[in-house]
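Open the model in your viewer and keep the selection panel handy. We will go from one selection to the next, and I will say what is there at each stop.

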Amino acid sequence: MSKQRLEAFTDGVIAIIITIMVLESRPPESGQLGALWGERYVFLIYAISFFNVAVYWNNHHHLFQIVKRVSGGVLWANMFFLFGLSLIPFVTSWVGANHVADYGPEMSYGIVILVIDIAYYILIRTLIRSDRRNQDIMSLVGRGYYKPIASIILNVIAILAAFIWPTLTIILDMVTLLLWIKPERRIEQHLQKND
């Protein structure tokens, strides 16, 4: 099966997710410039979520540069990944509207990020299993590829941190995201070497 359809579908879904996030942002009731200050948390969580989606898309794009074959299992693993991403607008809106509330919104945000990271790990493992003859994927994101497992562990810690201080969950998720800002260096080097 061609990987191009999967990539096009993924790009479309991610574009819709970003569109929904921005449409969920409501302007302040007042026309006063100072009213924007009251919405600072809404904008901040929107920016964090936009950045999260952008980093996931960037890494997904890089991962699929080394993919040669897509199976039915890969399609389902990718759908699970997109399912997790599709929950971001909901939890973004909830955190933005209840930033000083109980730990529920921030913890839910952390759980969604954890689901996405687990889904991404499953996607990588499914890609490896679906094309065992693809030495590129085996060597570049197979053994020794620590980022997905490290992210999952750090996100569990971030979720538990909501009991201490709910905002700490979002902060720790952002710190975890720092692992992923630069896509896998080995993939980039491999692609440059083969150009």
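The lining of the second largest cavity divides into 6 nonpolar, 2 polar and 1 charged residues; here Ala, Val, Leu, Ile, Met, Phe, Trp, Tyr, Cys and Pro count as nonpolar, Asp, Glu, Lys and Arg as charged, and the others, Gly among them, as polar. To see that lining, select Asn59, His62, Leu63, Tyr120, Val141, Tyr145, Pro183, Glu184 and Ile187. A cavity is a set of points, on a 1 Å grid over the protein atoms alone, where a 1.4 Å probe fits but cannot get out, and lining residues have an atom within 4 Å of a point. The volume of this one is about 40 Å³, a volume being the space filled by probe spheres set on the points, with grid points joined across faces, edges and corners. Helix 3 gives the most to this lining, with 3 residues; helices are DSSP runs (H or I, at least four residues), numbered from the N terminus.

A word on the model before the next selection. It is a predicted one, in which local features need pLDDT of at least 70 and side-chain atom pairs count only at pLDDT 80 or more, while totals for chains, interfaces and linings use all residues. Residues are numbered from 1 along each chain as its sequence is written, and side-chain values use heavy atoms, with hydrogens and water left out.

By class, the lining of the largest cavity holds 4 nonpolar, 3 polar and 2 charged residues.

Thr176 is buried, at a relative accessible area of 4% (buried means under 20%, exposed over 50%, partly exposed in between, with a 1.4 Å probe and protein chains only). Setting aside neighbours within four places in sequence, Thr176 is in contact (heavy atoms within 4.5 Å) with Ser151, Leu154 and Asn155.

Move along helix 9 (residues 166-177) to Thr169. Is Thr169 buried or exposed? Thr169 counts as buried because its relative accessibility is 0%. Apart from neighbours within four places in sequence, its contacts are Glu106, Gly110, Ala158, Ile159, Ala161 and Ala162.

Next, pick His99, in the loop between helix 5 (88-97) and helix 6 (104-130). His99 is partly exposed, with 27% relative accessible area. Beyond neighbours within four places in sequence, His99 is in contact with Tyr41 and Glu106.

For the last stop, display helix 3 and helix 6 together. Their axes come within 12 Å and cross at roughly 5 degrees; axes are lines fitted to C-alpha atoms, for helices over the stretch in contact, and angles run from 0 to 180 degrees between N-to-C directions. That makes helix 3 roughly parallel to helix 6, a label for angles under 35 degrees. On the helix 3 side, residues that meet helix 6 include Ile45, Ile48, Ser49 and Phe64. Their partners in helix 6 include Tyr109, Ile116, Leu123 and Leu127. Colour this contact by class and you will find 12 nonpolar, 4 polar and 1 charged residues.

Note on methods: Helix = DSSP H or I, 4+ residues; strand = E, 2+ residues; numbered from the N terminus. 1 Å grid on protein atoms, 1.4 Å probe; cavity = no way out; pocket = protein on both sides within 12 Å on 5 of 7 lines; lining within 4 Å. Parallel < 35°, antiparallel > 145°, perpendicular 65-115°, else oblique.
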